[in-house]
Structures are given as C-alpha cells and as structure tokens.
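This briefing covers the fold, selected residues and a pocket of one protein. Please read it alongside the sequence and the coordinates.

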Amino acid sequence: MRPRTLVALSAVGFALAALPAGILPEDAQASARLVPADIERTRDARNGDFACTIALRLAKAAKKNPRQLAETLLAALPAHADVLKVEIAGPGFINFHLAPA
C-alpha cells in the first residue's frame, strides 16, 4: 500500500475509533473495521485524491443515512499535516485532498 493511501486510511481509522458510543450499534462494531477497499483513488482530481466509502458500507448497520454518518465521521477526523481538506460528496463519500508530495 502506498504511503499517501495510508494517510487517508489512518485518518478514517482514527475517526472510527473516536466515534461516540451509540453511533454504531454493538453488532455493527465488528464490521466497522476499515478495510483497504474502503479507500479508493478518485476518478476526478476535483474530488480529491482519495474517496472513502465506509459511511456507505456502515449506514444500514448504524441505521443512519450514509451522508449523516459521513458527517459524524468527518467531525471525528483528527487533523493531519498531509491532509489539506476533507469533504463529503454525493450520498456519503468522504473525499480527501492531500498536500502535494
């Protein structure tokens, strides 16, 4: 896995760990583990460097709208020097704009 992918992956991992209790039901906690397939390169650079689909995957288990879950995750994201901007797009994609390498 490339280092720039790891930046986005670790940021989302920290956000998942920082979610307040009750956001995800206990039975969904096991599926809340981030997998590399949850982070993908965006097709269009205007949408950032990477898109994360974790909110889309966990929304049903969390009984939340994917976009609402993405907003909760975005609020829990820690600051990172390599991340310029993070935004929510469409139904709940979390897009990462990384600093130039």
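Val 12 is placed in helix α1, which spans residues 3-17; helices are DSSP runs of H or I with at least four residues, strands are runs of E with at least two, and both are numbered from the N terminus. This is a predicted model, in which local features need pLDDT of at least 70 and side-chain atom pairs count only at pLDDT 80 or more, while totals for chains, interfaces and linings use all residues. Residues are numbered from 1 along each chain as its sequence is written, and side-chain values use heavy atoms, with hydrogens and water left out.

- Val 12 counts as buried because its relative accessibility is 2%; buried means under 20% relative accessible area, exposed over 50% and partly exposed in between, with a 1.4 Å probe and protein chains only.
- Val 12 and Ala 76 are 64 residues apart along the chain, and their C-alpha atoms are separated by 8.7 Å.

**Overall make-up**
- The protein has four helices and four strands, and from the N terminus on the order of elements is α-α-β-β-α-α-β-β.
- Of the 101 residues in the protein, 39% are buried.
- Among contacts with a separation of 6 or more, 53% join residues 24 or more positions apart; contact means heavy atoms within 4.5 Å.

- Leu 56 lies in helix α3, residues 54-62, and counts as partly exposed because its relative accessibility is 30%.
- Beyond its neighbours within four places in sequence, Leu 56 is in contact with Pro 66, Pro 91, Gly 92 and Phe 93.
- The C-alpha atoms of Leu 56 and Arg 67 are separated by 7.9 Å, with the two residues eleven apart along the chain.
- Lys 63 sits in the loop between α3 and α4 (66-76) and has a positive phi of about 55° although it is not a glycine.
- Lys 63 counts as exposed, since its relative accessibility is 74%.

**Buried residues with polar contacts**
- Asp 38 is in the loop between α2 (26-29) and β1 (39-41), and it is buried, with a relative accessible area of 3%.
- The side chains of Asp 38 and Arg 57 make a polar contact at 2.8 Å; a polar contact is a pair of N or O atoms within 3.5 Å, where within protein one must be able to donate a hydrogen and the other to accept it, and residues adjacent in sequence count only if both atoms are side-chain atoms.
- His 97 lies in strand β4 and counts as buried at 13% relative accessibility.
- The side chain of His 97 makes a polar contact with the side chain of Glu 87 at 2.8 Å.
- The largest pocket holds about 200 Å³ of space; on a 1 Å grid over the protein atoms alone, a pocket is an open set of points where a 1.4 Å probe fits, with protein on both sides within 12 Å along at least five of seven lines, and lining residues have an atom within 4 Å of a point.
- Grid points are joined across faces, edges and corners, and a volume is the space filled by probe spheres set on the points.
- The lining of the largest pocket includes Glu 40, Arg 41, Asp 44, Ala 89 and Phe 93, and β1 and β4 (93-98) each supply at least two residues of it.
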